[in-house]
Amino acid sequence: LLLILGVILRVDSQSCMDVLVDGDGVIQQLLPIGCSNDYWGDAIDTSNYNNTDVAYLNNVKFMHSNLIINPSVTNISGMKNIEYIDASLIINSPLPNLSGLNKLHTVKTIQIDTNGMHNLTGLESLTTISDTLLIRGTSIKDLKPLSSVQFIGNLFLLNMEYLVSIEGLENVEQVG
């Protein structure tokens with residue numbers, strides 16, 4: 001095992017485990033998600049991994065637990081293969097957009113609660129939000145990237161002072 005401080009390393013190709021090593025060279029976490037297309041484990045809270053990206057999700061296509069993107073994360077390109085989240089996607093990071101989620105087509109809940117987000121670019125493939133879409137306190141001006149969405153369980157747009165248009169929701173066939 002080669003240790004490089006502060007990064008996630010593959011232990012070996014057979015184990016499908018990744019290792020998070022802190023700045024002192026101490027193994028902090030074994031992440032059993034490196035080789036699997038499906039992730040069934042505990043909720044992933046990015047603040048637990050002290051990283052600025054989510055590269056450890058690179059191979060995951062289907063998430064079956066909550067994914068919480070906290071303020072330290074500045075790059076979500078590691079989520080590029082996620083197609084389905086059967087739980088909540090919670091964004092608390094000041095990401096300018098959601099580029100990196102380009103393959104996501106179905107999610108149970110999306111909660112975006114950050115004033116740094118300028119648009120929803122990255123959600124163009126999204127068709128179903130089975131439970132809740134909650135966007136609060138962002139700089140988003142329109143919802144155009146949601147134009148493929150056909151179903152939303154519940155819709156909450158709160159404290160959206162820059163929102164000038166709900167264009168993008170015209171293809172929603174059912175809310176609730």
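Helices (H or I, at least four residues) and strands (E, at least two) are DSSP runs, numbered from the N terminus. This is a predicted model in which local features need pLDDT of at least 70 and side-chain atom pairs count only at pLDDT 80 or more, while totals for chains, interfaces and linings use all residues. Residues are numbered from 1 along each chain as its sequence is written, and side-chain values use heavy atoms, with hydrogens and water left out.

Q: Which pattern does the chain follow when read along the sequence?
A: The secondary structure comes to zero helices and 12 strands. Read along the sequence, the pattern is therefore written with strands, under the definition of DSSP runs. It is β-β-β-β-β-β-β-β-β-β-β-β.

Q: What is the mean pLDDT of the chain?
A: The pLDDT is the predictor's confidence in each residue, from 0 to 100. In this chain, 72% of the residues reach 70 or more. Over residues 1-34 the pLDDT is below 50. Where pLDDT is low, the predicted coordinates should not be read in detail; for the chain, the mean is 79.

Q: Do strands β10 and β11 pair in the parallel or the antiparallel sense?
A: Two strands pair if DSSP finds at least two bridges between them. Strand β10 covers residues 128-136 and strand β11 covers residues 151-158, and seven bridges join these strands. Among the bridge partners are Ile-135 and Leu-157, the latter in β11. The sense of the pairing between β10 and β11 is parallel.

Q: In β12, which residue is the bridge partner of Ile-152?
A: Strand β12 consists of residues 174-175. It pairs with β11 in the parallel sense over two bridges. The partner of Ile-152 in β12 is Val-175.

Q: Is Ser-88 buried or exposed?
A: Buried means under 20% relative accessible area, exposed over 50%, and partly exposed in between (1.4 Å probe, protein chains only). Ser-88 lies in strand β8. Leaving aside neighbours within four places in sequence, Ser-88 is in contact (heavy atoms within 4.5 Å) with Ser-65, Asn-66, Leu-67 and Thr-109. Because its relative accessible area is 17%, Ser-88 is buried.

Q: With which residue does Arg-136 form a salt bridge?
A: A salt bridge is a side-chain nitrogen of Lys or Arg within 4 Å of a carboxyl oxygen of Asp or Glu, and a search of the whole structure finds one. The pair links distant parts of the chain, with Arg-136 in strand β10 and its partner in strand β9, 23 residues apart. The closest N and O atoms are 3.2 Å apart, and the partner of Arg-136 is Asp-113.

Q: What relative accessibility does Asp-113 have?
A: Side chains of opposite charge can pair when their charged atoms come close. Arg-136 is partly exposed, with a relative accessible area of 27%. Asp-113 also counts as partly exposed, and its relative accessibility is 28%.
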